[in-house]
Structures are given as structure tokens and as C-alpha cells.
Amino acid sequence: RWAANRAEINREMKRGAQIDLVLLDIILPDADGLQVLRRIREHPTLKPLPVILMTGKSTTEDVLAGLAAGADGYVSKPFQISGLMKAVRQVLGLV
């Protein structure tokens, strides 16, 4: 599934279908991805959902802020698909 803004993210999270993993950008057109991540971590049902941040923000401070907000993984753009898949396998415990 795909969501490009706050309303679409909210709709997808409420759909009820099983979500295995969230790939989330920090920079969204109408929302702060770190705030979205914090809200996921505060939600009783969504809290355990694995979240990988995929973003162009790649300083040490950015990575630490993302992990402090509750990200399970962090992939900086631009990235190779193999690097993203490695992060996904690691977060899902498939490594």
C-alpha cells in the first residue's frame, strides 16, 4: 500500500488489513515523519509495527533523532534496492 500525505497515512493505518512493515520518509508534504513515527509508537495497536525510515536526511544527528523517535531501521537516500532489502530483512528478523 502507498500513502503520500497525512490523510492517506491515517486512512491506510485505519483500514484494518494486516501491515507487516512501514517505510516512512521524514520529509512529507504536509507532515513531519518523525511525528508520524512518534504517534505510531504511542498507539496501543500500532506500537509494535516495524518502521524503517527512508530519507534524504543522513547526518548523524538525523539518524540518532530517527532512532530516538522509535525507528527500527534507517536507510538514507539515495539507496540501492539491495541495501533497502537488507534493512527490511534485518528488521523483520529474516537475516
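**Exercise 1. Determine the order of the secondary-structure elements in the protein chain.**

Solution. Read from the N terminus, the elements of the protein chain follow the order α-β-α-β-α-β-α. Helices (H or I, at least four residues) and strands (E, at least two) are DSSP runs, numbered from the N terminus. The total is four helices and three strands. The model is a predicted one, in which local features need pLDDT of at least 70 and side-chain atom pairs count only at pLDDT 80 or more, while totals for chains, interfaces and linings use all residues. Residues are numbered from 1 along each chain as its sequence is written, and side-chain values use heavy atoms, with hydrogens and water left out.

**Exercise 2. State what fraction of the 95 residues in the protein chain is buried, and what share of the contacts joins residues at least 24 apart.**

Solution. First, apply the burial cut-offs: buried means under 20% relative accessible area, exposed over 50%, and partly exposed in between (1.4 Å probe, protein chains only). Buried residues account for 35% of the 95 residues. Next, take contacts (heavy atoms within 4.5 Å). Of those between residues at least 6 apart in sequence, 48% join residues at least 24 apart.
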